[in-house]
Each structure stands twice: as C-alpha cells, then as structure tokens.
Amino acid sequence: QRTRPSVIVMLSTISNTVRSNLKRHVAASAAADQKRGFKAAVLGAAGGIGQPLSLLMKLNPQVSELSCYDVAPITPGVAVDLSHCSSTAQCTGYSGDDLNKALDGCQVVVIPAGVPRKPGMTRDDLFNTNAGIVKNLIAACAKSCPNAALLIISNPVNSTVPIAAEVLKKAGVYNPNKLFGVTTLDVCRARTFVSQAKGLDVNKTDVTVIGGHAGTTIVPLLSQVEPKATFTDAERDALTHRIMFGGDEVVKAKAGGGSATLSMAYAGAEFANSVMTAMAGGKGVTECTFVESTITEAPFFSSPVTLGKDGVETIHGYGTVNDYEKKLIADMMPDLVSQAKKGVDWVAAN
C-alpha cells in the first residue's frame, strides 16, 4: 500500500486553516518518527510548475531551507514572495550564474525546469531543448550536491532521466538509488479517474501505474485496483486511454496557454515529501517512480519502489497482470527502450 497524500492539504484553504493543517501534519510526522530539517532546491522555480511546487515545498514542515533557482531574473522575487508565508522553511532565490550557490548543501533537488508542451507537441518534441537544460543542471548538482536525491520532472522523463544518469557517470558521482523520474502524476490521475468512475473514496483508492511517463508507455494496472473494482471492456479502454493521455487533456483545455502545471506541482511535492519521509527514517514508504531497474528489458522503468534513508531501498515487480495489460506492456517496451537509448546517445554526442 503506497503512502497517501499529506502535504497538499496545505493548499486546500488559507490562513488559520493552513496553520491548523500544518500542526496536524507535524504531529503525524512526529508519530512516524520523521525528522525535520532538509535543505531542498527547486530548479526552474519561476515557471508554471516551479512556482506552485516551490510554494508546496515551502509549506512542507520537513523542509528547513528552500533554494529557488531559475534563469528568469524574477526568481529572487519569487523567493521573497514565498518567504512571507508563515511556515518554518527559510527561502532564498537565485538566478543567472548562481546555480552552484543555490545547490550548495542541498539534500533533495526537484527539477521541473524546461519548456512546456503546447497543443500538438509530444513530450519527445521537447527533447532537444530540455535535454540541454537537464544536462547543465545535473552537471551542477554533480559538482555542488553530489549526494542529493535528484527528482526529475523535466520532460521527456523517459529520456531526461537516462541523460541525468550519464552526466552523473561522467562526473564519477552516479548513485542509481538517488536518481528518480517523477511519475507520481500518472498515479494521481489514475486514482482520481478510477475513483470518480467507480464511486470510490479517492483517498482510499490505490492504482499501480508502471512503465514510463509518456503516452502509451504509461500503463495503469486496473486489474490490481484497491479496493477491488471491476470494469467493462469499454470502461477499461476509456480509463486506460485517459490515464495515458491525461497530459494532452490539460494541454488541449488550456488552448495553447500551457500544460499540466498545478497537478504536476502537486504530484512533485507529494513525491518529494515521500522521499524526505523515507530519508528521515520513515518506514513503509512505497511509491511508483522511474528508476534504473532490472525487472524488465528497459534500463529504466517505473514500478513500486520502497524508499529508505539512502533513496531506493527495494524495487518491486509489478505482480500478476491480465492479458490486456501484458499486451500494453509488450507493445510499449520497444518505445521505452529506444527513448532511454536516445538520451544516452545524446549525452555521448554532446
């Protein structure tokens, strides 16, 4: 059973209610023997994902220091704005040439930096721009915080995570247990869409989503939904497609005005919270995440992963699946393998 959302109650209301929720969260954290005091960074903090993600990180009681970095000159102002929120984290903004200063001493780095998708674009269309951005940011992490947990949101995740791994290898500091592709939004969408379709409590609904983080490489295992639910073939097909292409739904709805930013910030903050909870000694923290893996032929694969003090503790298989899901996995595997190879080859050539 994976951990449930906890941080994001902080955005449900404001002022006194926020403070009340924070107090309850702190109490729950203490009961779970969690510790406060992580220094975290958000790279791309002035963007559409970065700003709400930074807000959620600022409100997380496990964060004592928050570094906000972006190339945009407004980034120090974003940090000043955040610093007025009545939570314990100290927030500092950096831009331009101050990337290494922003990363110094960080234990957790969340990277949503990059250009967003527009209508008609696939995640792979973003590759050429975002590959270079991720390469430069990871190189700075390798220099300034080589032992940090690195959480990659920048798309295409199926390629940017392998890019990050190759950059870290070149720097001699690669630790596969500390590199994560954030696929939490796929799980959030699955839980939301399934609970709505079947009349379930979303907070008690669990859906495993495996594979990658783009289109058909996203495979929801509806046969494993808890509490147990049954689907007609039409329901199964519609839900599977919507979970796979939920990002397209948002891009289309925003009509050229952006991609999934608020929901991605929510998911990124949730995963960061789980990573910090485990690093602080919390037990039984299991999340689906895109990591170096040997459970399939793909070098990187998202499946349930138990997190620990040093990052990845146990990579779990995806269990028993039905014939429909077996076909989805088999059909997408060549794409997942080739997208990882594309990232590796790009680093070799650049």
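How many nonpolar, polar and charged residues are in the lining of the second largest cavity? I counted 8 nonpolar, 1 polar and 1 charged. Nonpolar takes in Ala, Val, Leu, Ile, Met, Phe, Trp, Tyr, Cys and Pro; charged is Asp, Glu, Lys and Arg; polar is the others, Gly among them.

This is a predicted model, where local features need pLDDT of at least 70 and side-chain atom pairs pLDDT 80 or more, while totals for chains, interfaces and linings use all residues. Residues are numbered from 1 along each chain as its sequence is written, and side-chain values use heavy atoms, without hydrogens and water.

I noted a volume of about 60 Å³ for the second largest cavity. Among its lining residues are Cys141, Cys145, Asn175 and Lys178. A cavity is a set of points on a 1 Å grid over the protein atoms alone where a 1.4 Å probe fits but cannot get out; a pocket is an open set with protein on both sides within 12 Å along at least five of seven lines; lining residues have an atom within 4 Å of a point.

Next I looked up the largest pocket, which holds about 510 Å³ of space. Ile49, Pro112, Gly114, Val115 and Pro116 are the closest to its centre of the 34 lining residues. Helix α5 gives the most to this lining, 3 residues. Helices here are DSSP runs (H or I, at least four residues).

Last, I checked helix α3, residues 75–83: Thr75, Val78, Ala79 and Leu82 are buried (under 20% relative accessible area, 1.4 Å probe, protein chains only). These buried residues fall within an arc of 95° seen down the axis of α3, so they line one face of the helix. The arc is taken from the directions from the helix axis to the C-beta atoms.

How values were computed:
Points joined across faces, edges and corners; volume = space filled by probe spheres on them. Helix = DSSP H or I, 4+ residues; strand = E, 2+ residues; numbered from the N terminus. Buried < 20%, exposed > 50% of the residue type's maximum accessible area, 1.4 Å probe, protein only.
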